[in-house]
Amino acid sequence: MPSADEDHPPPGSPAAPPADGDWAAPAADGPVDARVVLPGSKSLTNRYLVLAAHAGEVSRLRAPLRSRDTHLMAGALRALGTGVDDVDDGDWLVTPGPLRGDTDVDCGLAGNVMRFVPPLAGLADGPVRFDGDPHARRRPMAPVLGALRALGVGVDDDDRGGLPFTVHGAGSVRGGTVTIDASASSQFVSGLLLSAARFEEGVTVHHDGKAVPSLPHIEMTVETLRDAGVVVDDAEPHTWRVEPSEVNALDVQVEPDLSNAAQFLAAALVTGGRVHVPGWPQYTTQGGDFVREVVDMMGADVVLDRSGLTVTAGGGILGVDVDLHDSSELTPVVAALAALADGPSVIRGVAHIRGHETDRLRALHTELDRLGCGVDETEDGLRITPRPLRAGRFHTYADHRMVMAAAVLGLAVPGVVVEDVGTVAKTMPEFTALWDRMLRERVGAQA
Ligand SMILES: O=C(O)C1=C[C@@H](OP(=O)(O)O)[C@@H](O)[C@H](O)C1
Ligand SMILES: C=C(OP(=O)(O)O)C(=O)O
């Protein structure tokens with residue numbers, strides 16, 4: 001894998017020739033009028049898997065997400081001695097077992113796996129070796145490793161504080177109180193909390209640093225722990241306390257992934273059409289739910305009722321000034337929509353996404369610029385000035401959400417070719433099929 005700078009050719013550099021794995025993003029030839037059934041939430045599926053591995057009995061996950069990130073999580077748990085078995089209707093049965101060491105965990109590029117599994121590995125009966133994709137080695141990790149050491153777990157790394165590293169499971173973890181800087185990722189906190197009920201003293205995590213991003217994801221962690229009968233105190237800001245206890249088995253229906261709804265809802269706006277997503281939860285801890293507000297601010301009519309969510313285009317796409325600190329997964333698709341808007345936009349609060357699958361601010365800057373859009377990177381986001389866009393090859397940097405952003409642009413810009421479309425399998429292997437299907441459901445068309 002090339003270095004960060006090689007990953008990101010300077011804005012304005014010529015596009016490379018087409019290569020294997022390219023996808024010609026389809027242009028829309030009319031307003032869509034589609035019903036889109038979304039796959040399950042990555043974040044909920046992976047939390048339920050970890051909790052189920054700690055439980056006393058077999059758990060059932062109904063409609064879990066099947067994607068690279070959840071298969072990596074299932075693979076990690078299997079390597080540690082947990083049964084994760086397919087049942088005929090697409091559910092997963094999770095059978096906890098004694099946590100085994102002397103094994104390897106492949107994190108791929110999954111933040112959930114690299115931040116949630118090491119605390120669990122501390123409970124295994126031997127060393128657990130972690131590694132992942134080349135870019136995963138650059139993702140921030142040090143606060144988790146430092147916290148594990150402070151809680152009594154042996155960790156060997158090469159002093160860079162990231163992958164690859166080995167967690168020396170000793171069959172038990174003392175636990176206790178730890179202070180970390182979680183400003184680079186909420187997952188540092190979530191990972192510690194998800195295994196802490198099995199630590200002798202539980203855990204108290206204090207955050208000390210700039211604001212924690214993606215706070216709804218920590219609320220999701222707290223809520224899923226409580227669903228499993230674990231006592232969590234989150235009354236004090238920046239502090240979370242998990243009491244030691246048993247973890248109850250789960251029987252849960254996984255909500256649809258609302259962050260992964262963004263590109264489909266964006267398509268309603270871009271094509272001047274309508275998209276309905278059945279099963280949109282009335283209440284959720286998913287940060288992606290904020291996409292409803294974003295498309296509303298950008299001019300859509302948004303209705304949430306018991307049948308689901310319906311987004312209908314108004315006239316045009318309005319520029320926005322939006323803070324995505326709590327919902328930063330939305331940034332690539334919102335940036336694409338902003339590039340097609342009638343006026344300029346500012347996206348704020350997402351400095352930390354330079355440490356996501358790729359440096360997303362740099363990647364979006366480079367690729368939007370390549371198509372002719374005006375883009376500036378700010379200290380904590382992007383300033384986007386729409387201009388007429390041209391055809392071009394859109395690089396994706398192993399980032400599923402770059403594929404999704406490119407698809408939105410391609411609706412309005414004929415000739416957008418998406419590099420390495422397969423990378424979308426991180427959270428949505430069926431993305432191009434769902435996209436094509438949505439495009440066939442046009443106003444007046446036979447689906
Ligand atoms: O806990 C989780 O499942 C996630 C938390 C967020 O991470 P950051 O806090 O690093 O943004 C989010 O962006 C990521 O996609 C999933
Ligand atoms: C940041 C993301 O993923 P991860 O869980 O790998 O951090 C994402 O899905 O946008």
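Okay, bookkeeping. Residues count from 1 along each chain as its sequence is written, while chains are lettered from A and ligands numbered from 1 in the order in which they are written. Since the model is predicted, local features need pLDDT of at least 70, side-chain atom pairs count only at pLDDT 80 or more, and totals for chains, interfaces and linings use all residues.

Let's start with ligand 1. Around ligand 1 we have Ser-43, Gly-111, Asn-112, Ser-185, Ser-186, Gln-187, Ser-190, Pro-213, Ser-214, His-217, Ser-328 and Glu-329. A residue gets onto that list if its C-beta atom, placed from the backbone, lies within 6 Å of the molecule. Two elements give two or more residues each: helix H4 (111-121) and helix H6 (187-196). Helices here are DSSP runs of H or I, at least four residues, and strands are E runs of at least two, numbered from the N terminus. By class, the ligand 1 shell has 1 nonpolar, 10 polar and 1 charged. For the classes, Ala, Val, Leu, Ile, Met, Phe, Trp, Tyr, Cys and Pro are nonpolar, Asp, Glu, Lys and Arg are charged, and the others, Gly among them, are polar.

So how do H4 and H6 pack? Their axes are 8 Å apart, at an angle of about 35°. Axes are lines fitted to C-alpha atoms, for helices over the stretch in contact, with angles from 0 to 180 degrees between N-to-C directions. From H4 the contact takes residues including Gly-111 and Asn-112, and from H6 residues including Gln-187 and Ser-190; contact means C-beta atoms, placed from the backbone, within 7 Å. That contact has 7 nonpolar, 6 polar and 1 charged residues.

Four strands make an open, mixed sheet in the order E2-E15-E17-E16; strands pair if DSSP finds at least two bridges between them. Which strands sit at the edges? Strand E2 (33-35) and strand E16 (301-305), each pairing on one side only. E2 runs parallel to strand E15 (residues 274-278) over 3 bridges, and Arg-35 stands opposite His-276 in E15. Helix H8 (residues 262-271) lies across E15 and strand E17 (308-312), at about 155° to E15.

Definitions and conventions:
Contact = placed C-beta atoms within 7 Å.
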